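This note was prepared for a colleague who wishes to review the model before using it. Please read the points below alongside the structure.

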Amino acid sequence: MSRAAAPAEIRVADLTVSHHRRPAVHHLSGRFAPGSLTAVVGPNGAGKTTLLRALAGLHRPDHGRIEGAAGQVALLPQQAALDRGFPLDCLDAVLFGLWGKTGGFRAIRPAARERAEAALAAVGLQGFERRPVGSLSAGQFQRVLFARLLLQDAPVILLDEPFNALDARTSADLLTMVRRWHGEGRTIIAVLHDLELVQREFPETLLLARDCLGWGPTGQVLTAANRLRARMMAEAWDPDAGICARPDAA
Ligand SMILES: Nc1ncnc2c1ncn2[C@@H]1O[C@H](COP(=O)(O)OP(=O)(O)OP(=O)(O)O)[C@@H](O)[C@H]1O
């Protein structure tokens, strides 16, 4: 591992997370081992983003517990969830990753600025420091967000659809960074839709369709039967279901 502390095990116990009291993640229990590389897959609306946000401490569970995640997580949000309309240049967007630690740009030290410049260079964006983020292509912006993760140097990295809508070259470069982080002993949890990529690169998989349909070695989770079940549960999704509709729920 480079500089980050070794990750702790993350344990999820009977976790339910809701939007407007309707569960998006329902009674999930399991563990992410330190240094594991896990794909979170499932149909649209399965609760994948909600789970990542809960792990990052951005969405409070209404039932159950998350242990071991607090203070060691960095999150790459979905690009679609980000507003690129405000006037921010690439260097400041990377430095924004330190916001929680510094409390504002005035407190940014020259050493942090140098590390942010080095992070931009590491993702192939040397010379982009003063470019407004609003002027970047989707791929360039994703590189900026990866530079921010580099600067954050967290033991646990959460990635929400990190390769969505990227060209082959950008995806390959960013996948190389994910492999490197994994090689450094960090815990990586990534929401993905490309099941071929998952089968090739991710040893562990959590298959979610609000309820957990499988969590463990990818080959054992991504069976044809489990994938069919996930699709059927997505089709059966009832937006008006009450909280904790599962009959055997505690
Ligand atoms: N802010 C919100 N307000 C109300 N409902 C929400 C909100 N965010 C998510 N939901 C609902 O919670 C459920 C899970 O959404 P979530 O975004 O976690 O799914 P997902 O698996 O990440 O989907 P996708 O693959 O489409 O990104 C969906 O039914 C969604 O409509």
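The points that follow take up the model, its fold, its domains, its core and its ligand shell.

1. Basis and confidence. This is a predicted model, in which local features need pLDDT of at least 70, side-chain atom pairs count only at pLDDT 80 or more, and totals for chains, interfaces and linings use all residues. Residues are numbered from 1 along each chain as its sequence is written. The mean pLDDT of the chain (the predictor's confidence in each residue, from 0 to 100) is 89, and 88% of the residues reach 70 or more. For the complex, the predictor gives an ipTM of 0.97 and a pTM of 0.91.

2. Overall fold. The chain has 9 helices and 9 strands, taken as DSSP runs (helices H or I, at least four residues; strands E, at least two) and numbered from the N terminus. Of its 250 residues, 39% count as buried, meaning that 20 or more other C-beta atoms, placed from the backbone, lie within 10 Å of the residue's own. Among contacts (C-beta atoms, placed from the backbone, within 7 Å) between residues at least 6 apart in sequence, 72% join residues at least 24 apart.

3. Domains. An automatic or database domain assignment gives domain 1 (1–72 + 155–250) and domain 2 (83–153). The contact between them takes 10 residues from domain 1 and 8 residues from domain 2. On the domain 1 side, helix α6 (residues 168–183) supplies the largest share, 4 residues. By class, that side has 6 nonpolar, 1 polar and 3 charged residues; here Ala, Val, Leu, Ile, Met, Phe, Trp, Tyr, Cys and Pro count as nonpolar, Asp, Glu, Lys and Arg as charged, and the others, Gly among them, as polar.

4. Nonpolar core. A core is a set of buried Ala, Val, Leu, Ile, Met, Phe, Trp, Tyr and Cys residues joined through C-beta atoms within 7 Å. The largest has 69 residues, and Leu55, Val94, Leu120, Ala147 and Leu158 have the most contacts inside it. Helix α5 (residues 138–152) gives the most to this core, with 7 residues. The core lies between domain 1 and domain 2 because both give residues to it. Leaving aside residues up to four places away in sequence, Val94 touches Ala116, Ala119, Leu120, Val144, Ala147, Arg148 and Leu151.

5. Ligand shell. Which residues surround the ligand? They are His19, His20, Ala24, Gly42, Asn44, Gly45, Ala46, Gly47, Lys48, Thr49 and Thr50, each with its C-beta atom, placed from the backbone, within 6 Å of the ligand. The shell divides into 2 nonpolar, 8 polar and 1 charged. Helix α1 (residues 48–55) contributes the largest share, 3 residues.

Technical notes: A residue is buried if 20 or more other C-beta atoms lie within 10 Å of its own, exposed if 12 or fewer, and partly exposed in between; C-beta atoms are placed from the backbone. Two residues are in contact if their C-beta atoms, placed from the backbone, lie within 7 Å.
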